[in-house]
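The following exercises concern a single protein model.

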Amino acid sequence: HGLPIEEESDGTRRLLDLGPLLHSSRQSPGGYVGDELDRSLHPNLLRRFVELFLHLGAGRPTQLFAATHGARLLDQGLLRRDEVWLAEKSPLGETTLTSLAEFRVRKDLRLDSAYIEGRFGAVPALQPLPEQ
């Protein structure tokens, strides 16, 4: 006996929500849009989902447009730099998109680490904590 779906973890339910997208991408090529793709997913599961999507869509006119905070996807072995766009908010709340292809990077650079360090922008501007 399995658990009722309501008692499954958020991650398991998220995978079940995303599963049909994999099937659809194989059956009906086209553009698919997802927001917060990484929500409730372990970084390894998120990466595997993208790997599967790319594998199933290989040679087909299929594209995934997804907003994510999953920095682990920033891997030159997974996605080309022209496939990654970074969103940065201005102090006025305006959003600017910049292609990762606009940055000169070495082939061996760990893009996820460089992104988290702020080398490409598009990271929150955090104010220092007040001293106690």
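**Exercise 1. Identify the elements that line the largest pocket, and describe the lining by class.**

Solution. Helix 2 (43–57), strand 2 (63–66) and strand 3 (85–89) each supply at least two residues of the lining; helices (H or I, at least four residues) and strands (E, at least two) are DSSP runs, numbered from the N terminus. The model is a predicted one, in which local features need pLDDT of at least 70 and side-chain atom pairs pLDDT 80 or more, while totals for chains, interfaces and linings use all residues. Residues are numbered from 1 along each chain as its sequence is written, and side-chain values use heavy atoms, with hydrogens and water left out.

Next, the contributions are considered. Strand 3 gives the largest share of the lining, 5 residues. In total 35 residues line the pocket, and A66, T68, E83, V84 and W85 lie nearest its centre. (On a 1 Å grid over the protein atoms alone, a pocket is an open set of points where a 1.4 Å probe fits, with protein on both sides within 12 Å along at least five of seven lines; lining residues have an atom within 4 Å of a point.)

Finally, the classes are counted: 23 residues are nonpolar, 6 polar and 6 charged. Here Ala, Val, Leu, Ile, Met, Phe, Trp, Tyr, Cys and Pro count as nonpolar, Asp, Glu, Lys and Arg as charged, and the others, Gly among them, as polar.

**Exercise 2. Determine how many aromatic pairs there are, and characterise them.**

Solution. The count comes to 2 aromatic pairs. Rings of Phe, Tyr and Trp (its six-membered ring) pair if their centres lie within 6.5 Å; planes under 30 degrees apart count as stacked, over 60 as edge-to-face and the rest as tilted.

For Y32 and F53, the ring centres are 6.2 Å apart and the planes stand at 80°, so this pair is edge-to-face. Because Y32 belongs to strand 1 (residues 31–34) and F53 to helix 2, the pair ties together parts 21 residues apart in sequence. Y32 is buried, at 15% relative accessible area (buried means under 20%, exposed over 50%, partly exposed in between, with a 1.4 Å probe and protein chains only). F53 is also buried, at 4%.

F103 and F120 form an edge-to-face pair, 5.1 Å centre to centre with 65° between the planes. F103 lies in the loop between strand 4 (95–99) and helix 3 (111–116), and F120 in the segment after helix 3, 17 residues apart. F103 is partly exposed at 23%, whereas F120 is buried at 8%.
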